[in-house]
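Please consult the sequence and the model alongside the text.

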Amino acid sequence: MNPFFSAHLSILIPLFLSTGAWLAGNANLTDNKRRLILRAISLSIVFSMILVTSFFFLSDKAVAGMLAVNPINLTVLGLISFMAVILIKFSERYIRSETQSHQFWRWLLLSLTSVSVVVLSNNLLLMWLGWVSISLCFHRLLLFYPDRPRAVLAAHKKFILARVAETCLLAAFLLLYYQHGTLQLSAILDYYLSVDPGHELSFAQKAAAFLLVQTALIKCAQLPLHGWLIQVVEAPTPISALLHAGIINLGGFLLISFAPLMALAPVAQWTLIVVAGLSTLISALVMMTRISLKVRLAWSTCAQMGLMLIECALGLYELALLHLLTHSLYKAYAFLSTGEAVQDYSLKQLAPQKKVTFKTAVICLSLGIAATVSIPLFTAYQGPLSVWLLVNAALALYLVSAVRHGLSLACLSAVFIATALVGFYLGGKALLDHLIPELPVTGMFTAMDIWLIALVLALFILTVQIRVFPQATQTQTLYRWLFSGLYLDEMMTRLTLQLWPVVLRPKSQQNKTEQQSTEESWV
């Protein structure tokens, strides 16, 4: 079996996606013809993914020039293919009544094409070009409704920040090229895998790692550069689903891909853990103050991305990859089913509410701490305890809320669900552990671990304060600040309006411009 065949075969997925963008983006197509083309593209993607996966497991190596297939990007490529098929199926009905539906299909499929190119790239220049292409294509999707001021403002913010992130990424790649004399990603990573864990990096390598971290923080919409993510809910639901379930995860994918370099750069790790840690804490608290489901999901994404970046900083790259996959699937489902979610939320409001009391909070925190401390006592685990404290405290709160009224079917169900979640976590971590090269992991009670333990305890205490003492003066003051997002987005909003003011065209002018654009060839 040709070991390079899988890498060459992988080009079929971006090729089919780009072909679909060219065909489905034709304004003169009828709905029936466009539907047939989209279904043919979906089948082609599924078939190509099966072929790539089959030949990869039959090969010893899957690197061919500018393309590469390895366990990590093959897993992410499978996620992208699945997301593409789901989005195409959902959007066929959702976008059918729009007059500019052909533009939606064009830029949606081109965005997916660019994402697949980034994932498959074995060349730093090709990866950077794909990264830029994602932003430019997605910008057109964000402006699908150009008469909505908030949507235009969010698109402008995203565009400006994307240029900053791309500049950081290009500078990092140039430094790596200067240091290693090659643009081949596989060769660069092989070098870092071959050195000792305590190897001292040069200034250029440290700067490259720091710039990669800055790129990931901006791409993952970490505070205070998060405002565009919250305001982008003005876009159509499939676009929001693509963003929250796919594109925003590229920051985590970037760090996972460069894990051997990141493991040797303490400054980059500390930057991640401080910025992403505070972003996770604030975002999780702000989410509690929001009523709109889409806005809550947006703040949730910001918090989840911060948690994924924290896992990368701790060296838990297999956990970060598991987080990336599960978060993508969950957010895709959450956004594509927001209509049903509204009905479910209304039913829950009518049902008896499970209140958290101060006594319940103390019990669940004690259980969480006890479960966390018992892990190193009864197992050989020597990794960071902060992640387990977060998991155990959340599970304890869930269990204590279920058993408040004694043993019941709800109690047994809660125990079963908690056990299943822990089993899924351990099983998924063990499964993905074979995909990540062996790298050093932060130990327990190190400075990083203590910092995260403090953040987890602060999150728990502030959450209890908001839920248990809502009428207290301190709680109401905290609630007002959290509802405003601590005013962290104000500076970026003012800067965006100065650099690129939001000017809305009259609808008649928009229609005239759109009519002219359909008569011209698109780029």
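## Salt bridges in the model

A salt bridge is taken here as a side-chain nitrogen of Lys or Arg within 4 Å of a carboxyl oxygen of Asp or Glu. Side chains of opposite charge can pair when their charged atoms come close. The model is predicted, and it holds 5 salt bridges.

## Glu92 and Arg39

One of these salt bridges joins the side chains of Glu92 and Arg39, with an N to O distance of 3.7 Å. Distant parts of the chain are linked by this pair: Glu92 belongs to helix H4 (residues 71-94) and Arg39 to helix H3 (residues 31-57), 53 residues apart.

Glu92 counts as buried because its relative accessibility is 10%, under the 20% limit. Arg39, at 42% relative accessibility, is partly exposed.

## Lys157 and Asp489

A further salt bridge is formed by Lys157 and Asp489, with 2.5 Å from N to O. The two residues are 332 residues apart, Lys157 in helix H7 (residues 149-180) and Asp489 in the loop between helix H22 (473-483) and helix H23 (490-499).

Lys157 is buried at 1% relative accessibility. Asp489 is also buried, its relative accessible area being 13%.

## Lys429 and Glu318

The side chains of Lys429 and Glu318 meet in a salt bridge at 2.9 Å, N to O. Since Lys429 is in helix H20 (residues 409-433) and Glu318 in helix H16 (residues 317-336), the pair ties together parts 111 residues apart in sequence.

Lys429 has 22% relative accessibility and therefore counts as partly exposed, whereas Glu318 is buried at 7%.

Technical notes. Residues numbered from 1 in each chain as written. Predicted model: local features only at pLDDT ≥ 70, side-chain atom pairs only at ≥ 80, totals over all residues. Heavy atoms only, no water. Helix = DSSP H or I, 4+ residues; strand = E, 2+ residues; numbered from the N terminus. Buried < 20%, exposed > 50% of the residue type's maximum accessible area, 1.4 Å probe, protein only.
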